Protein chains: 2
Amino acid sequence: MRIGEAAAAAGMTTKTLRFYEDSGLLPAAKRSSNGYRDYHDDSVARLEFIRRGRAAGLALTQIREILSLRDAGEAPCAHVQDLLSNQLAELDHQISELMALRSIVAGLHATAASGTDASCDPEQICSYL
Amino acid sequence: MRIGEAAAAAGMTTKTLRFYEDSGLLPAAKRSSNGYRDYHDDSVARLEFIRRGRAAGLALTQIREILSLRDAGEAPCAHVQDLLSNQLAELDHQISELMALRSIVAGLHATAASGTDASCDPEQICSYL
DNA sequence: CTCAACCTTCCCCTACACTGGAATGTCAAG
DNA sequence: CTTGACATTCCAGTGTAGGGGAAGGTTGAG
């Protein structure tokens, strides 16, 4: 199958497939006689795996690690479990940071909303912020 | 005061101050006879304002808007209140997205943790992901 | 024959907020 | 005199995940 078909099957663009090949996420596709990339169903499965990983918030470098392990013949499941574990911790961290930020901003907003025009002095640069 | 002092006082690098000047967040500093930038305490206050804005998660473009209003002599408080309001909505959105992602990843992690070695087939590319 | 729809490589561009480094100038201390 | 710590400008790169578009080759249909 040609790149356009493979891309459509995986819900990506042809640009993305070439980018993944350049990035080492996809092995270099074999070429037809006309020089066109020729993909097998396996490639689509691999692309879908990448898609699922991205949807889980994994970075391409992490997905590349998983695929490299697998390509080396190792079962990457333990590694994947580690990654997911880290990812979970990372998400918890991000969420708590954002919630802390939210409470700061909410406080600022409340203060700003309660300010009178008198307190809003151009010289003060919004001192509550 | 020279750029290094001002930067230290504001907890930034000299690179950052020059960057802010280029970006229109700081007015062009007046120069000493040797060509060095010469900062006043006001600049440090302004830098600290920028820092607080950044800490509140505002983008430099938003901070620039606030400062521009103030520089134009308008009290920017109403605008700041709008920005904070939007920022709050944005944070809520980000938090809910991250929490949704977290529950997906938690599910994947639980599945991965429950997998036996037998289910961990190198050919399967960790089918649970 | 021609046209549209594919494909190829190549290089640059995006947003964000800086950061690094080169080449050069200034100044106070030892 | 020299050394070291400052300062200046300017250009280029960082990381992320591709996107835009040029210039050209290939193929099937009408």
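In this predicted model, the surface near DNA strand D receives at least two residues from each of α2 (14-22) of chain A, α1 (3-10) of chain B and α2 (14-22) of chain B; helices are DSSP runs of H or I with at least four residues, numbered from the N terminus. The most, four residues, comes from α2(A). In total, 20 residues surround DNA strand D, the closest being A:K15, A:Y20, A:Y36, B:G4 and B:R18, where near means that a heavy atom of the residue lies within 4 Å. By class, this surface holds seven nonpolar, six polar and seven charged residues (nonpolar: Ala, Val, Leu, Ile, Met, Phe, Trp, Tyr, Cys and Pro; charged: Asp, Glu, Lys and Arg; polar: the others, Gly among them).

Sugar or phosphate accounts for 66% of the atoms of DNA strand D within 4 Å of the protein. Polar contacts (pairs of N or O atoms within 3.5 Å) reach its phosphate oxygens from a backbone N or O atom of B:G4 at 2.5 Å, and from polar side-chain atoms of B:R37 at 2.9 Å and A:T16 at 3.2 Å.

Around DNA strand C there are 20 residues, of which A:G4, A:R18, B:K15, B:Y20 and B:Y36 come nearest. Two or more residues each come from α1 (3-10) and α2 of chain A and from α2 of chain B, with α2(B) giving the largest share, four residues.

Residues are numbered from 1 along each chain as its sequence is written, and chains are lettered from A and ligands numbered from 1 in the order in which they are written. Local features need pLDDT of at least 70 and side-chain atom pairs pLDDT 80 or more, while totals for chains, interfaces and linings use all residues; side-chain values use heavy atoms, leaving out hydrogens and water.

Methods:
Polar contact = N/O pair within 3.5 Å; in protein donor to acceptor, adjacent residues only side chain to side chain.
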